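Q: I would like to learn how to read strand pairing in a model. Can we work through one case?

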Amino acid sequence: MIARASLVATLIAAVFGRSFALAPAIDGAKPLPVPRFVSLRSDRINLRVGPGRNYPILWVLTKKDMPVEIIREFEGWRMIEDWQGTKGWVQERMVTAKRNVVVTGAIQPLYASPNRSAALVAHAEPGVVARLLKCEAGWCRIEAGRIAGWVEKGEVWGVFPQEVVR
């Protein structure tokens, strides 16, 4: 099983072009890759200097559903990084596997299909958090409120460059 998990980590690294480790399995469940994207579970989460309640609070995160990247794990704690590069530790129960992205850069057009010549659906402001519906071939389908459309993958943060999301 360990050899298979190592093979999976190697394959993931080849696909995404970066180094991955697998988090330890809990109760026989499949180990999860590190790094991976998740979202904040609450609108008030303490970001700490280290993995424990005895460590000082660096920041209080206040945006539920904001995507973050888990870059390290230690027992019931996750070291995360947000889209602006802020890093710190949170309790594992403060993140959820729900996938969201944040629009980066300038105002981004959302298209009806994954093509720049497709009909324009809307524009997304930088900093908007949207639900990630799927990604393929350089495009992601996102949804914010009642509006859904396709955006170029490089214009959102919360998905790896070569990642396919279904």
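Q: Which residue in E14 stands opposite glutamate 136?

A: This is a predicted model. Two strands count as paired if at least two bridges are found between them. Here, E13 (residues 129-136) and E14 (residues 139-144) pair in the antiparallel sense over five bridges. Glutamate 136 stands opposite tryptophan 139 in E14.

Q: How many residues lie between the strands in the hairpin of E13 and E14, and which residue takes a positive phi?

A: Two residues lie between these strands, and alanine 137 takes a positive phi near 40°.

Q: How many bridges join E14 to E15?

A: Six bridges join E14 to E15 (residues 147-152), and the two run antiparallel. In this pair, alanine 144 stands opposite isoleucine 147 in E15. E14 and E15 also form a hairpin, with two residues between them. In that turn, glycine 145 has a positive phi of about 65°.

Q: What is the bridge partner of valine 101 in E13?

A: Begin with the strands. E10 (residues 100-103) is joined to E13 by three bridges, and these strands run antiparallel. The bridge partner of valine 101 in E13 is alanine 130.

Technical notes: Residues numbered from 1 in each chain as written. Predicted model: local features only at pLDDT ≥ 70, side-chain atom pairs only at ≥ 80, totals over all residues. Heavy atoms only, no water. Helix = DSSP H or I, 4+ residues; strand = E, 2+ residues; numbered from the N terminus.
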